[in-house]
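Subject: Structure handover

Hi,

Here is the structure I promised to pass on. Have a look at it first, and then read on for my notes.

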Amino acid sequence: MSSDSAFSVTVAALDSYGNIDLTFTHSVKIDQTGGSGNLIGTGVSGGSITKSLVDGQATFGGLKLKGFKSPPDYTLRATDMAETGALDPITHDVTVTAGA
């Protein structure tokens with residue numbers, strides 16, 4: 001992925017067997033927790049975006065990482081907004097490289 005390229009992130013709630021929990025409807029927030037620059041895109045406010053899961057899933061589309069500096073590493077975090085402190089947040093590392 002290069003800087004300013006649109007991407008999407010899909011979040012799924014899993015049950016204890018590793019299957020998507022179709023009854024899970026909590027709100028989940030995606031935000032940038034590491035790296036320089038900004039998370040931008042449709043629905044992003046203050047560097048984060050929140051959606052409710054439907055049938056245990058939500059796709060956050062049209063996201064961009066803009067204005068990165070060296071090193072080009074970003075960390076995005078998905079947080080279950082209904083579980084205050086009960087669950088460790090899930091993190092996913094996204095590497096951003098300079099656009100052509």
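One cut-off before anything else: a residue counts as buried under 20% relative accessible area, as exposed over 50%, and as partly exposed in between. D21 has a relative accessible area of 23%, so it goes down as partly exposed. You'll find D21 in the loop between β1 and β2. Its C-alpha atom is 9.9 Å from that of V54, although 33 residues separate D21 and V54 along the chain.

Keep in mind that this is a predicted model. The average pLDDT for the protein is 76, and 71% of the residues reach at least 70. Confidence is highest in strand β4 (residues 48–52), with a mean of 90, and lowest in strand β7 (residues 90–95), where the mean is 52.

Now the overall layout. The protein has seven strands and zero helices, so reading from the N terminus you simply get β-β-β-β-β-β-β. Of its 100 residues, 26% are buried.

The sheet

Three of the strands make an open sheet, ordered β1-β5-β3, with antiparallel pairing. Which strands stand at the edges? They are β1 (7–12) and β3 (38–41); each has a single partner strand, so one side of each lacks a neighbour in the sheet. From one strand to the next, the twist averages 45°.

The C-alpha atoms of S8 and G62 are 6.1 Å apart, while along the chain the two residues are 54 positions from each other.

Is L22 buried or exposed? With a relative accessible area of 56%, L22 is exposed. Together with L14 and I20, L22 makes a nonpolar surface patch of about 290 Å².

The salt bridge

How many salt bridges does the structure hold? The count is one, and the partners are K29 and D31, whose closest N and O atoms are 4.0 Å apart. In general, side chains of opposite charge can pair when their charged atoms come close. The two partners fall into separate accessibility classes: K29 is partly exposed at 23%, whereas D31, at 16%, counts as buried.

A backbone angle to check

Most residues other than glycine have a negative phi. D55 is not a glycine, yet its phi is positive, at about 55°. D55 lies in the loop between β4 and β5 and, at 47% relative accessibility, is partly exposed.

That's everything on my side.

Cheers

Definitions and conventions: Residues are numbered from 1 along each chain as its sequence is written. This is a predicted model: local features need pLDDT of at least 70, side-chain atom pairs count only at pLDDT 80 or more; totals for chains, interfaces and linings use all residues. Side-chain values use heavy atoms; hydrogens and water are left out. Two strands pair if DSSP finds at least two bridges between them. Helices (H or I, at least four residues) and strands (E, at least two) are DSSP runs, numbered from the N terminus. Axes are lines fitted to C-alpha atoms, for helices over the stretch in contact, and angles run from 0 to 180 degrees between N-to-C directions. pLDDT is the predictor's confidence in each residue, from 0 to 100. Patches are made of residues with over 30% relative accessible area and no salt bridge: like charges are joined within 9 Å, nonpolar side chains (Val, Leu, Ile, Met, Phe, Trp, Tyr) within 5 Å. Accessible areas come from the Shrake-Rupley method with a 1.4 Å probe; for residues, only the protein chains shown count as cover. A salt bridge is a side-chain nitrogen of Lys or Arg within 4 Å of a carboxyl oxygen of Asp or Glu. Buried means under 20% relative accessible area, exposed over 50%, partly exposed in between (1.4 Å probe, protein chains only).
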